[in-house]
Amino acid sequence: MIDRLETSFRQIRQFSSDASHELRTPLTVMKGETELALRRPRETDDYKVVLESNLEEIDRMTRIVDELLFLSRADMGEVKMEHLPVPLDTLVEDLHRQASLLGQERDIQVVLRTTAPAVVLGDELRLRELFLNLLDNAVKYSHPGGTVDIALTIEQTHARVSVTDHGIGIAQEDQSRIFDRFYRTDDARAHTKKGTGLGLSICAWIVESHRGRIEVQSKVGEGSTFTVMLPLAPPHRLNNF
C-alpha cells in the first residue's frame, strides 16, 4: 500500500514537473521574441513575424491546457462515454478521406489498403478523435512523397485497425514510453515542435475506455505501425441497429 502511494506521489511530481516545463517553453519563446522586438524600432513586417510566432506559441499552450484538462477529467471519471453501435468500416472510410486532405499538404498519399464490415460498441466522436490523431501523426512524421496506409480487418472477436507510416520511426528504447504523458522522442522534437506529448496518452485512454488495446511496432528510419484492437459488438446489441 505504501509502495503504491509513493509511486503515485512520484508520478504526480513528475507530471507536474513535465507540465510546467512544457508550458514554460512557449512562454520563454514569446518573452524572448517580444523583448527583442521592443529593443529598437522595427519595420511593420518585422513586428508581424513576431506576432505570428507568438500566436503559434499561444495555440500550442492552448492545446496543452485543453488536453491536460481532458486527461484530468478522464482520471476523475468525469468524461462521459457513449456505448452505442458504431460501424467502424464507415468511420474508417470517412477518416481516410479526411486524412487524404492532410496528406496533400505534404505530398503524402494516404491509402486505405483493406476494410471489412465491423461494428463496435463505443463513442463515435472519441473513436474518430483516436484514429484522426494516429493518422495526423503518421502524416506529420512521414517524409514528403511517402505513403500512409490504413487497414481494417477482423480477427475473431475483435476489429483490428492499423495505421502505418514510412517515416522517421521510433527507437526501441522509446516504444515502452510512447504513450506516457508529455513523452516525446528526441527525433520527434527535432522533426516538429507542434506536438504536445499528450496526443498518444489520450489515444491510449480512449482505447482502454473501449476495452481495447493499442500497440506500436517501429524501426528507426523505416516507419511505424500503430495497431488498435477493439472488441466487436455482440450480436444481441445489433438487433435494432
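Helices here are DSSP runs of H or I with at least four residues, strands are runs of E with at least two, and both are numbered from the N terminus. This is a predicted model: local features need pLDDT of at least 70, side-chain atom pairs count only at pLDDT 80 or more, and totals for chains, interfaces and linings use all residues. Residues are numbered from 1 along each chain as its sequence is written, and side-chain values use heavy atoms, with hydrogens and water left out.

Start with Asp-165. It sits in strand S5, residues 158–165. Asp-165 is buried, meaning under 20% relative accessible area; exposed is over 50%, and partly exposed is in between (1.4 Å probe, protein chains only). For charge, Lys and Arg count as positive, Asp and Glu as negative; His and the chain ends are not counted.

So what lies 2.9 Å from a polar atom of the Asp-165 side chain? The backbone nitrogen of Gly-167.

Now its contacts, meaning heavy atoms within 4.5 Å. Leaving out residues up to four places away in sequence, Asp-165 touches Ala-138, Ser-142, Thr-147, Val-148, Glu-222, Gly-223 and Ser-224.

Next, backbone angles. Asp-107 is not a glycine, yet its phi is positive, near 55 degrees. It lies in the loop between helix H3 (88–104) and strand S2 (109–114). Asp-107 is exposed, at 55% relative accessible area.

Gln-156 also has a positive phi, about 55 degrees, and is no glycine. Its loop runs between strand S4 (147–155) and S5. Gln-156 is exposed, at 78% relative accessibility.

Conventions
Salt bridge = Lys/Arg side-chain N within 4 Å of Asp/Glu carboxyl O. Polar contact = N/O pair within 3.5 Å; in protein donor to acceptor, adjacent residues only side chain to side chain.
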